[in-house]
Amino acid sequence: MSSDSPPPDSEAPGLYLHVPFCRSKCRYCAFYSEPVAGHDVPRLVSALRAEVGRYRSVQAVRTVYVGGGSPISLPVDQLASLIDTVASIWPNTEEFTVECNPGQTDVEMLSMLARCGVNRLSFGVQSFHTSELELLGRRHSVDDAVRSVRQAQYLGFANVGIDLIFAVPGSTLDSWQQCLESALSLSIQHISTYSLSFESGTPLYEAHRLGRIESIEENTDRAMYELAIDLLASAGFAQYEISNFAREGFECVHNMGCWENRPYIGIGPSAASYWLGERTANVADIDAYIRRIEAGLPATEQRQQSNRDDRICETAVLNMRTRRGVDLADFQRRTGADFRKIFERPLRRYEREGLIETGAGRVCLSRRALAVADSVLCDFSSL
Ligand code: SF4
């Protein structure tokens, strides 16, 4: 391999399908999604299936992740046809996840997912407090969340995860602890947890800008994060990434692939790909996407060849998000670079400050660094 050639894509990629519909927009959400009403759903699903078919020659995909938006805002038969298309081309994926919104799943939808080979569900629960769900603009209730998760488990799903948001205005350390305890009472396998961020252009951002709601103090935000790490660890959930916790053997394989900087193929409006050494993004407009696919044109709008320096920095930053950190031998094999040599200066600084730990052929963030990970990782993002 020449020093600037892309990495070999001999490994099976992950496949991400973006369903760009939601029943309504949550007040904090800046992702690209549109209300399902008013769109020609069968036409979009045909376009998604056609784009999936363009990758038919890819021999195997390791994982499939159907996200959005909200995939289950599609009618059951439409979602089934999409999942069937994927499963018929690649019948042996290791992990097949579908994102679900609580209160929007029912026995018919969940049974279809199980029948089609989906083996992992991720529910956007976000909070177990009614006042927080209302402030976030979620449409579901606490009861909906509990009922949806229990129904999925009853129907045989043995790998169920939920997302939680902390540092919601008005929350306290105690209310956050109650939230975590409610999550643990559900006997789930995976928890992702993020501090609320006020994304520009969202109603919550505006409310915050106008002084109608106050953000949580930085120290409390940090204490909530630390509490999650400790409480989840004591309940048997290992932290395997900055924001992700799982029971043993239930780490999300799809997302681990991304943090290991392995290739993935994105399908659908606004979906990103890292494939054949290129980072691309599909057009973020449903109608434009459909027109391109129907005309036999690429759906991509942005294209960036990833050079050697990009690969070194991307691999470093992504690997260091995980608790396993950088495997020095694997890093050398994937990028052709010596991690310790190329990042000598930030490594020396952060090792001295106790924010980076080394040992057994690995380098990773220390526990103390997790709460300030973004600022540490910034020093590994360029050469
Ligand atoms: S359901 Fe998810 S993607 Fe849709 S608006 Fe809410 S947070 Fe955003």
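I am working from a predicted model. I searched the whole structure for aromatic pairs and got 10.

**Phe166 and Trp176.** I took this pair from the search. The ring centres of Phe166 and Trp176 are 5.3 Å apart and the planes meet at 40 degrees, so I logged the pair as tilted. I then placed the two residues. Phe166 belongs to strand 7 (residues 160-166) and Trp176 to helix 6 (residues 173-184). They are 10 residues apart, and the pair links distant parts of the chain. I checked burial next. Phe166 has a relative accessible area of 4%, and I noted it as buried. Trp176 comes out at 3% relative accessibility, which also counts as buried.

**Phe343 and Phe380.** Phe343 and Phe380 form a tilted pair, with 5.1 Å from centre to centre and 50 degrees between the planes. Phe343 sits in the loop between helix 13 (339-342) and helix 14 (344-352), while Phe380 is in the segment after helix 15 (373-378), so the pair ties together parts 37 residues apart in sequence. I found both Phe343 and Phe380 buried.

**Charge over a ring.** I looked up Arg279 and Tyr274. The charged end of Arg279 sits over the Tyr274 ring, 3.8 Å from the ring centre.

**Ligand shell.** Which residues surround the ligand? I listed Cys22, Ser24, Lys25, Cys26, Tyr28, Cys29, Gly69, Asn101 and Arg138. I sorted the shell by class and got 4 nonpolar, 3 polar and 2 charged residues.

**Ser70.** I located Ser70 in the loop between strand 4 (63-68) and helix 2 (76-89). Is Ser70 buried or exposed? Its relative accessible area is 2%, so I recorded Ser70 as buried.

**Helix 11.** I ended with helix 11 (residues 308-321), which has 14 residues. From first C-alpha to last, helix 11 reaches 20 Å, close to the 20 Å expected at 1.5 Å a residue. What caps its N-terminal end? I found Asn307 there, with a side-chain oxygen 3.1 Å from the backbone nitrogen of Asp309. I wrote down the buried residues of helix 11 as Arg311, Ile312, Cys313, Thr315, Ala316, Asn319 and Met320. I kept the helix geometry in mind here. An α-helix has 3.6 residues a turn, so residues three or four places apart point the same way.

Methods:
Residues are numbered from 1 along each chain as its sequence is written. This is a predicted model: local features need pLDDT of at least 70, side-chain atom pairs count only at pLDDT 80 or more; totals for chains, interfaces and linings use all residues. Side-chain values use heavy atoms; hydrogens and water are left out. Helices (H or I, at least four residues) and strands (E, at least two) are DSSP runs, numbered from the N terminus. The expected span of a helix is 1.5 Å times one less than its number of residues. Buried means under 20% relative accessible area, exposed over 50%, partly exposed in between (1.4 Å probe, protein chains only). A polar contact is a pair of N or O atoms within 3.5 Å; within protein, one must be able to donate a hydrogen and the other to accept it, and residues adjacent in sequence count only if both atoms are side-chain atoms. A residue is near a molecule or strand if one of its heavy atoms lies within 4 Å of it. Ala, Val, Leu, Ile, Met, Phe, Trp, Tyr, Cys and Pro count as nonpolar, Asp, Glu, Lys and Arg as charged, and the others, Gly among them, as polar. Rings of Phe, Tyr and Trp (its six-membered ring) pair if their centres lie within 6.5 Å; planes under 30 degrees apart count as stacked, over 60 as edge-to-face and the rest as tilted. A charge sits over a ring if NZ of Lys or CZ of Arg is within 6 Å of the ring centre and within 35 degrees of the ring normal.
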